[in-house]
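Please find below a colleague's note on the structure shown here.

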Amino acid sequence: MSDPTVIQPGHYGHYPAIMTQAALDTMTRQAREDPDGFWLQQAGRVQWHERPTRGFEGSFEGNVSIAWFADGLLNVSASCLDRHLADRAGQVALIAHREGHGEAERLTYAMLHERVCRLANALTALGVKKGQRVAINLPMISEAVVAMLACARIGAVHVVLFGGFSADGIAERLVDSGAVAVITASVAWRGTKRVPFKETMDTALSRAGAASAVRAVLVVRTADDAVPMLPGRDRDYHDFVDRCDADFAPVIMKAEDPLFMLYTSGSTGKPKAVVHACGGYIVWAAYTMDMVYTHRPGDVLWCTADVAWITGHSSVVYGPLANGGTTMISDSLPAYPHPGRWWDLVDEYRVTMLFSAPTAVRAMMADGDDVVNRHDLGSLRLLGIAGEPISPDAWLWYHDVVGRKRCPVADTWWQTETGGIVLGPVPGVQPLKPGSATRPLPGIEMAIADAQGRILHGAAEGSLCIARSWPGQARTIWGDHARFCQTYFSKVPGFYFTGDGARRDSDGYYWITGRMDDVINIAGHRLGTAEVEDVLGDDHRILESAAVGVPHPVKGEGLVVFIMPRGDNAAGLTGEGVARLISQRLGRYAAPEAVYIVPDLPRTRSGKIVRRLLRKIASGETGNLGDLSALTDTAVVGMICNRVWGEMAFAGDEPARVCA
């Protein structure tokens with residue numbers, strides 16, 4: 001598959017690049033030749049109580065150990081707030097927009113500092129101590145940002161839980177984390193859908209029973225409805241917090257003390273929470289924010305991710321605030337109450353940097369160019385994407401239509417486990433290839449391994465690995481370090497295995513081909529599902545697609561494709577036509593066993609399509625679909641099952657597989 005047109009940095013002649021290509025090459029060389037010296041220099045990006053003198057300590061082998069800046073002392077909240085009070089006290093730190101609630105809140109650094117201190121005092125009054133866990137289960141409101149920073153200020157470990165989790169999903173995570181307090185809301189709205197936060201939390205705590213350590217619940221009243229409160233346990237957030245003192249001396253933490261734990265999605269088994277440490281994480285968040293987001297005074301960054309995901313942690317809260325920026329949050333949907341709602345907000349709040357997920361980009365593509373063109377969008381200077389691979393077609397639409405061909409697109413790849421961006425461009429410096437996550441940032445040594453774990457050089461395709469530790473790397477899985485070692489360090493000994501496959505071209509650019517468990521072996525031919533989806537992304541009748549592998553009695557595995565059509569533009573879209581397109585572009589071996597045209601695809605709120613569910617449905621394994629609590633809409637699963645069961649999709653001479 002040939003690479004799309006390369007866009008040279010000179011195309012963005014107006015873009016304020018932070019360095020030259022020669023300077024970037026020098027950084028990369030310094031980081032490779034003297035990693036400890038390089039990272040100790042980068043540690044100066046944040047405020048330390050005692051600046052570290054030690055870089056990395058540990059090993060990727062055996063009982064894996066990872067430590068950064070171990071002799072350093074700091075408080076992450078102070079690095080995000082206190083250090084800016086001298087010269088940015090009156091600058092807006094947080095814009096918090098709620099759909100249907102009028103003008104957004106605008107909190108300056110001084111105001112945000114005061115709110116964080118009040119909550120820090122409130123949590124301390126409730127008996128929360130350094131090292132204890134606090135669960136945060138809030139919609140995208142200002143209190144979510146305040147809660148994270150307040151936990152950091154007192155040395156508590158925050159555990160942010162997605163608002164779409166089921167009561168069982170929350171209960172399991174409360175017990176596993178050992179959280180002693182909860183901060184939640186009464187209710188929230190996602191478009192016309194009511195999300196009953198407090199009701200779900202009450203059910204979760206009831207089901208957790210004596211296994212839960214939660215002894216206090218703070219409830220943010222987000223509506224005028226009556227909220228059931230359990231005496232002795234539940235407190236109204238503002239009635240309790242607003243009476244607390246507006247100053248709180250930050251608790252000094254060791255660099256390796258945990259800052260937060262965050263649960264990652266998994267196809268099976270117990271949910272796993274990866275643990276991030278104070279010092280390394282905040283240095284990494286500040287570094288990646290500066291390198292890729294290239295923050296400038298006056299910038300307004302709107303990263304549309306929920307704070308329950310790592311993108312929200314690093315690109316909404318810690319990265320922007322560590323660098324003294326203005327960050328924006330909103331609970332709005334791209335097309336509610338009307339298509340183009342996000343473009344309204346970009347213009348209203350003069351957003352300069354917009355970062356979102358490929359799923360959102362594709363959804364806004366479906367609304368049509370006219371919706372975008374009715375807006376000014378002149379404030380935008382940088383567009384970003386993360387979450388999963390984006391097709392060149394969607395990349396170019398984002399660049400050409402939204403960015404008017406004048407805004408670089410920062411296509412980034414990272415994970416909960418990496419803490420921040422690992423692959424991504426330095427905008428205005430490096431050439432951009434639509435669909436590629438570009439190259440590793442300085443200090444990251446990527447590698448590609450073959451099926452036997454041998455490292456490949458030059459242009460290659462295989463398992464995406466990282467050869468050396470970086471400050472933002474997760475330290476362990478909470479309560480299960482053996483699982484951490486097995487999951488990430490056993491496939492390619494001495495290397496961190498990301499779980500993703502990738503292709504590296506002759507220029508050293510990386511193209512993510514999907515999760516390695518999404519690589520299909522068809523009669524000895526290895527096919528990345530992302531390759532199939534890239535091909536289908538070129539058909540403008542297809543809004544979105546998901547390719548999965550299923551067991552096949554002869555080939556070992558077969559390909560099944562789910563297609564989401566693009567509204568009225570889908571005339572003539574058939575399973576036969578889709579199969580023909582895949583065969584023509586990738587080879588006859590890639591011809592799908594079945595193609596299903598479906599109204600929607602199951603996805604998490606961060607925008608990721610949950611392919612494991614599609615794989616199980618396509619394989620007929622519907623007896624145990626696993627935890628569905630992270631889905632935005634569980635009804636989609638039923639619709640797809642009905643479609644697979646009730647339709648004869650294209651399947652050669654045989655009927656399509658059914659969902660039993």
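**Note on strands, a pocket and a buried helix**

1. Strand 23 (residues 460-466) and strand 25 (residues 496-504) run antiparallel and are joined by six bridges. Within this pairing, C465 has F497 of strand 25 as its bridge partner. The model is a predicted one, and the remarks that follow should be read accordingly.

2. These two strands belong to an open sheet of five strands, whose order is 22-21-23-25-26 and whose pairing is antiparallel. At its edges stand strand 22 (455-456) and strand 26 (510-515), each of which pairs on one side only.

3. A separate point concerns strand 18 (residues 353-356). Which of its residues point one way, and which the other? M353 and F355 share one direction, L354 and S356 take the other, and all are buried.

4. Strand 18 has parallel partners. Strand 16 (residues 300-303) pairs with strand 18 in the parallel sense over three bridges, and L301 stands opposite M353. Strand 19 (residues 382-385) also pairs with strand 18 in the parallel sense, here over four bridges; the bridge partner of M353 in strand 19 is L382.

5. The buried residues are P392, D393, A394, W395, W397, Y398, H399, V401 and V402. Just after helix 15, R404 adopts a positive phi of about 55°.

6. The second largest pocket has a volume of about 320 Å³. Its lining comprises 20 residues, and those nearest its centre are T28, R32, R439, P440 and I444.

7. The UniProt record, an unreviewed entry, carries the annotation "domain: Acetyl-coenzyme A synthetase N-terminal" for residues 25-80. Such an annotation may be inferred rather than shown by experiment. In the model, the span is 39% helix and 18% strand, and its end C-alpha atoms lie 29 Å apart.

Key
Residues numbered from 1 in each chain as written. Predicted model: local features only at pLDDT ≥ 70, side-chain atom pairs only at ≥ 80, totals over all residues. Heavy atoms only, no water. Pairing = 2+ DSSP bridges. Buried < 20%, exposed > 50% of the residue type's maximum accessible area, 1.4 Å probe, protein only. 1 Å grid on protein atoms, 1.4 Å probe; cavity = no way out; pocket = protein on both sides within 12 Å on 5 of 7 lines; lining within 4 Å. Points joined across faces, edges and corners; volume = space filled by probe spheres on them.
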